[in-house]
Amino acid sequence: MQGDLQELYIAILEGQRDEAKECVETALREGVPPGEVLDVMVNAMGEVGQLFEEGEYFVPEMLIAARAMKTGMEILKPELVGADIQPVGKIIAGTVKGDLHDIGKNLVCMMLEGAGFYVVDLGTDVSPEAFIAAIEEHEPDFVAMSALLTTTMPNMGTTIEALKAAGVRDSVKVLVGGAPITQRYADKIEADGYAPDASQTVKLAKALMG
Ligand code: B12
């Protein structure tokens, strides 16, 4: 790997936001193709996910790495659009109605973006109607729902029922997660997938894309 790109890789891995921004700017100025710059960042985030799974990194390290990636992506995004690089897939994400927890959901969104997905984040306290409107507008591959409260997790099932009633359930794959969610619960409400953390969400989404 070229020196600048090596530096970019390390900047993402260590969560150095300013360095990541500078490295992306330098690489683009020197004529490195945007797709190649993206690959370096995606690979670095892949290693971040790996380190998290191995217990070497914890949530704070993952968050700062994801933020560095986001900063780099802000510079890169206009170039990528110009280069006409297709996203891996499109995802609508939100924390379900009544629930204001968003740290985990944001991390999931950042890691998915890091892996090359186009993410539309609807924020927190998202009603079934808002999910449906977003599906109709964006035609995503996935809907990712997060819930942190045992009192709001039933709203995932309610949302899936609402998607069925609106006739859009089969057009998307539904992913669910959040501290109280289990695979068993995901099966019960007929979600298409569950993952316990952001890194495994990326693997799951990629696997479901085929
Ligand atoms: C931070 C926090 C808050 C903050 C939220 C700030 C924010 N912007 O998010 C504030 C202070 C606002 C808050 C408020 C409340 N909270 Co709170 N909160 C927490 C706390 C301490 C940490 C949650 C967190 O961010 N974890 C870190 C992230 C990274 O982990 P995560 O969310 O689990 O996400 C990971 C995975 O679950 C997964 N994931 C998450 N989403 C998704 C989605 C998909 C699709 C997939 C595949 C995976 C996935 O990937 C993530 C990254 O690896 C937890 C305790 C805990 N240990 O969980 C309590 C906790 C969740 N809160 C709790 C409670 C009770 C409340 C309040 C009701 C308190 C009150 N009486 O007002 C309110 C509710 C407000 C509301 N309506 O939502 C309880 C819930 C208990 C229960 N049985 O439901 C907990 C468990 C604390 C406790 N032990 O009592 N809270």
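Helix 5 (103-114) supplies four residues, the largest share of the shell around the ligand. Helices (H or I, at least four residues) and strands (E, at least two) are DSSP runs numbered from the N terminus. The model is predicted: local features need pLDDT of at least 70 and side-chain atom pairs pLDDT 80 or more, while totals for chains, interfaces and linings use all residues. Residues are numbered from 1 along each chain as its sequence is written, and side-chain values use heavy atoms, without hydrogens and water.

**Ligand and cobalt**
- His101 (NE2), at 2.3 Å, is the only protein donor of the ligand's cobalt atom; donors are N, O and S atoms within 2.8 Å of the metal (3.2 Å for Na, K and Ca), and water is not among the atoms, so sites may look incomplete.
- His101 is placed in the loop between strand 1 and helix 5 (103-114).
- Among the 26 residues around the ligand (a heavy atom within 4 Å), Leu100, His101, Asp102, Ser146 and Thr150 come nearest.
- A backbone N or O atom of Ala198 lies 3.1 Å from an oxygen atom of the ligand, and one of Ile103 lies 3.4 Å from a ligand oxygen atom.
- Helix 5, strand 3, strand 4 and helix 9 are the elements giving two or more residues to this shell.

- Five strands form an open sheet in the order 2-1-3-4-5, with parallel pairing (at least two DSSP bridges between two strands).
- Strand 2 (118-121) and strand 5 (193-194) stand at the edges with a single partner strand each, so one side of each lacks a neighbour in the sheet.
- Four bridges join strand 1 (residues 90-95) to strand 2, and Ile91 has Val119 as its bridge partner in strand 2.

Conventions. Polar contact = N/O pair within 3.5 Å; in protein donor to acceptor, adjacent residues only side chain to side chain.
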